[in-house]
Amino acid sequence: MNTGCELVTVQKEGARPRIPIAHMRHVYRLEEVEKKLGKLPPREHESLRATYERMLEMGPDRFQVKPSGLPAMDYLYDDLPNFHEALDDLRRQLALCADSRDALEITPMLLLGPPGVGKTHFAREVSQLLGTGMGFVSMSSLTAGWVLSGSSSQWKGARPGKVFETLVEGQYANPVMVIDEIDKTGGEHAYDPLGSLYSLLEHDTAGNFTDEFAEVPIDASQVIWVATANEARGIPDPILNRMNVFEIEMPSEEAARKIASKLYRSIRADHDWGQRFDPDLNEAVLASLSHLAPRDMRRALMTAFGNAKLDGRHSLETRDLPDAQGRRTPMGFTQ
């Protein structure tokens, strides 16, 4: 349920385009929380009691992002040259609701690609583009399904799940929720860690999602889902059928050089010491960096900056870069 209240963000000059935040949405009903709180026995279930009291304190209203127009995305196409297909899909869906009264609705996305290709970075950029929050769950370290959907308050150490926490503790009704490495789901076979996703990825059923800890219906229908995986094998078909699947390849050598060059300038601009270094990388260093995954480029550049500084230079050279084991490339000749 939406109210007539509207809040618009202010865009700073030179900043990346931001979508105004418009309207408020109830993500739960206060009377349901009050009813649950009233039924708790005195001096029992203190953690659950604290959760209900926190829900009453926070109130049920959260900002719901709504684009006032199709946002500028050219910078994303430049920064993420290997994500153009996913960006095209996102742009189409933003265009559909840009000049309508409809809420923003994004079909869940699954990004398939090798480690370090930039899948999680893409999700963060989407969150920043929309001007909303982001929740993050790493499935590679997941040992039970309750991390997503909460665990029963009857269990020792029980707590709410990540979906509940992101909506209740956050400011937004439609945060970007990242399910990282969904193909590496662990846990016992008797309990499906992805079980809650079957309803969460469906718009109709997600509107009445009940966390097993709080047992209060939550409106998760506006959550924007982005899942990442190295491969589709091992992901249940009912999950795949609920998502738009994109295969993300490593950027071409030319695209990788552009990524490395922009990353170098970004690091240089973000640090006071960066101003002492040359404005641009030389061709030899760019060529070396173009063979790295985007995730590894930053680490390699930070190592190179430090090595160059220790040598008293203001320009990076290939010998400043670490080798595959993270060590500095040796100087001189080796036998």
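Which residue is the bridge partner of Met 109 in S9?

Tutor: In this predicted model, the bridge partner of Met 109 in S9 is Asn 244. Strand S9 covers residues 244-247, and 4 bridges join this strand to S3, the two running parallel. Strand S3 itself comprises residues 109-112. S3 also pairs with strand S8 (residues 224-229), again in parallel and again through 4 bridges. In S8, Met 109 has Val 226 as its bridge partner.

The side chains of S3 may be considered next. In a regular strand, side chains alternate between the two faces of the sheet. Met 109 and Leu 111 point one way from S3, whereas Leu 110 and Leu 112 point the other way. All four of these residues are buried.

Glu 247, which falls within the residue range of S9, belongs to a negative surface patch together with Glu 85, Asp 88 and Glu 249. Asp 88 lies in helix H4, residues 84-98. Asp 88 counts as partly exposed because its relative accessibility is 34%, between the limits of 20% and 50%.

Side chains of opposite charge can pair when their charged atoms come close. The count of salt bridges in the model comes to 21. Helix H2 (residues 46-58) contains Glu 46 and Arg 49, placed 3 residues apart, about one turn of the helix. Their side chains meet in a salt bridge, with an N to O distance of 4.0 Å. Glu 46 is partly exposed, at 49% relative accessibility, while Arg 49 counts as buried at 17%.

Helix H2 also holds Arg 54 and Glu 57, likewise 3 residues apart and about one turn of the helix. These two form a salt bridge in which the closest N and O atoms are 3.4 Å apart. Here Glu 57 is exposed, at 59% relative accessibility, and Arg 54 is partly exposed, at 30%.

A further salt bridge joins Glu 165 to Arg 159, the closest N and O atoms being 2.4 Å apart. Glu 165 is partly exposed, with a relative accessible area of 24%; Arg 159 is also partly exposed, at 41%. Finally, a network of salt bridges links Asp 311, Arg 313, Glu 317, Arg 319 and Asp 320.

Conventions
Residues numbered from 1 in each chain as written. Predicted model: local features only at pLDDT ≥ 70, side-chain atom pairs only at ≥ 80, totals over all residues. Heavy atoms only, no water. Patch = residues over 30% accessible without salt bridge, like charges linked within 9 Å, V, L, I, M, F, W, Y side chains within 5 Å. Areas by Shrake-Rupley, 256 points an atom, 1.4 Å probe, with all protein chains shown as cover. Lys, Arg positive; Asp, Glu negative; His and termini not counted. Charge placed at Lys NZ, Arg CZ, Asp CG, Glu CD. Buried < 20%, exposed > 50% of the residue type's maximum accessible area, 1.4 Å probe, protein only. Pairing = 2+ DSSP bridges.
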